[in-house]
Amino acid sequence: MTPDSALRSLRAPSDALPDSSRALLDAVTALSSDLDLHGVLTRIVESASALTGARYAALGVLGSGDGLVEFVTTGVSDAERARIGSPPHGRGILGLLISEPRPLRLHDLGEHPASYGFPDGHPPMTSFLGVPVLIRGTVFGNLYLTEKAGGQDFTDTDEDLVVALAQAAGLVIENARAYGLSERRRRWLEAAADLTDALQPPVDDDRALEQIATTARRLSGARAVVVMSADDDPVVRAVASDGPDRATNLDSAGLALESTGVATLAEPVEVPLGGPADPIAAVLPLRTRLADGGLLIAVFDGEHQRLRDLDDRELLVSFADHAALALDRARAVADREEHAVTQDRERIARDLHDVVIQRLFATGMQLRAAALRGGDDLTDRVEQSVSDLDMTIRDVRATIFGLQHDGTGSVRHEVRVLAQEYAEALGQAPVVRTVGPVDTAVDEALRSQLLPVLREALSNVAQHARATRVEVELVVDADELLLSVLDDGVGVGPAAPMAQHSGLRNARERAEALGGTLELSPRVPHGLMFRWRVPLGAPGVVSAPG
């Protein structure tokens with residue numbers, strides 16, 4: 001063939017191809033249109049059946065051992081599949097293809113020496129064609145075809161077509177696996193980032209562990225995820241499991257923990273649990289340094305093999321490490337803020353004691369000395385002044401004691417606690433940031449207005465915004481207090497019901513009563529910005545309705 005004739009043949013329309021070649025081309029094109037791995041496997045089986053005229057077709061996927069971990073079929077009805085029971089594990093003729101991965105054609109399955117027979121309820125099958133599916137020279141699985149149309153045997157052409165299909169399928173499967181892995185990595189990374197945002201102080205350890213367990217179960221596909229304390233007498237601290245199977249899953253987790261031999265596990269281990277479903281458990285340490293961690297135990301069904309994939313196992317291990325780091329970070333931030341508040345209080349207490357009290361005490365001594373030198377009227381007035389000074393000293397000392405011992409009633413603490421109350425209604429805990437001397441600059445009168453306003457803002461977001469992220473920022477500078485609540489929800493228009501909500505009207509009236517303002521403005525690309533701004537030390541606080 002000359003170069004020109006070869007070029008003309010490549011450019012020939014598909015109608016000029018033989019029917020078998022055109023069918024193969026159509027099958028490969030169909031395979032390339034799907035990136036979901038299970039969808040690709042299903043298309044391979046259906047294409048092989050259509051190419052050869054086989055009534056039944058299947059693709060068995062090999063696991064890390066010698067058996068099949070997945071079995072995708074076509075031609076078998078749901079009722080027949082239910083009668084057959086569990087899928088084959090790779091014995092008999094199927095096992096022969098696993099041990100000797102090369103094409104195999106048989107006139108009658110039952111006549112081969114390696115035939116293992118069929119279970120009860122299995123449809124009759126005679127003619128057979130098996131072809132391995134290779135990915136970069138490694139056997140991924142095998143294509144099995146039986147019962148060629150018309151009771152005929154599979155031909156050389158059938159074998160050539162299926163071998164060519166298997167070669168193309170290997171490339172498509174590799175692409176689908178790579179795409180699936182990248183998608184799973186993206187979901188794990190997003191979940192880890194969301195977890196870090198959600199674990200803002202003050203952190204409820206039990207709720208945080210529940211969130212970790214729920215996220216790990218959702219992304220790993222585990223039957224259940226249990227978090228237990230890591231000590232000699234383990235205690236269940238969080239469970240993510242189906243209600244009816246909760247007790248069974250807890251027993252499985254306990255068995256897995258007992259099988260590890262030690263409660264203070266340093267590295268991840270996999271524990272086969274035995275039983276009819278052949279479940280397996282992954283036991284991973286939550287390696288915290290500051291927070292209360294424990295052990296994360298993920299229980300998988302025996303048919304769930306993603307755990308045995310190295311990449312998926314590493315993703316689960318990485319998430320456990322990230323969760324432990326997020327717990328430690330939240331605890332460190334909370335400790336740092338508490339330490340900053342404590343230092344501020346101790347500084348104020350020290351200044352009051354070293355300057356104010358000593359000055360008051362010295363003034364009292366001077367007045368008492370003057371009283372000894374003066375007349376009766378002067379003596380009475382000086383004594384009264386000394387008595388007033390003594391009372392002032394007692395009040396200051398009481399203030400010092402309060403500053404030194406009361407750290408839980410701070411404005412920062414109350415704002416974070418209030419934000420945490422809305423975590424369930426919002427779908428996630430709001431991110432809270434404070435800037436400036438919040439605890440010392442905000443007096444009791446302003447605090448009594450600030451907290452109801454924040455509650456109204458969070459309530460409106462929960463009811464109307466449908467937001468996926470909410471941020472609360474409290475900024476105090478030399479002149480004013482600014483409370484901002486930002487969300488990425490649906491926003492608000494001038495005619496929207498939220499704009500006329502009585503709670504927002506109350507928040508505006510509270511701001512105006514203090515000489516401040518309330519601003520509602522849209523965010524880009526979507527969402528709402530709530531800004532409540534009032535001056536510090538506003539004269540007279542008038543309570544707004546509601």
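A: Let's start with Glu 147, which is found in strand β5 (strands are DSSP runs of E with at least two residues, helices runs of H or I with at least four, both numbered from the N terminus). This is a predicted model, in which local features need pLDDT of at least 70 and side-chain atom pairs count only at pLDDT 80 or more, while totals for chains, interfaces and linings use all residues. Residues are numbered from 1 along each chain as its sequence is written, and side-chain values use heavy atoms, leaving out hydrogens and water.

Glu 147 is not a glycine, yet its phi is positive, at about 60 degrees. Most residues other than glycine have a negative phi, and most peptide bonds are trans.

Strand β5 covers residues 138–148, and Asn 142 lies in it too. Asn 142 counts as buried because its relative accessibility is 0% (buried is under 20% relative accessible area, exposed over 50%, partly exposed in between, with a 1.4 Å probe and protein chains only). Leaving aside residues up to four places away in sequence, Asn 142 touches Ala 58, Leu 59, Gly 60, Leu 97, Ile 98, Val 131, Pro 132 and Val 133; a contact here means heavy atoms within 4.5 Å.

Elsewhere in the chain there are other backbone features for you to look at. Arg 466, in the loop between α14 (444–465) and β12 (470–476), also has a positive phi, near 55 degrees, without being a glycine. At 66% relative accessibility, Arg 466 counts as exposed. The peptide bond from Val 524 to Pro 525 is cis, with omega near 5 degrees, and Pro 525 sits in the loop between β14 (517–522) and β15 (528–535).

Of its 546 residues, 42% are buried. Among contacts between residues at least 6 apart in sequence, 63% join residues at least 24 apart. The protein exposes about 28,400 Å², with 52% of that supplied by carbon and sulfur atoms; these areas come from the Shrake-Rupley method with a 1.4 Å probe, and for residues only the protein chains shown count as cover.
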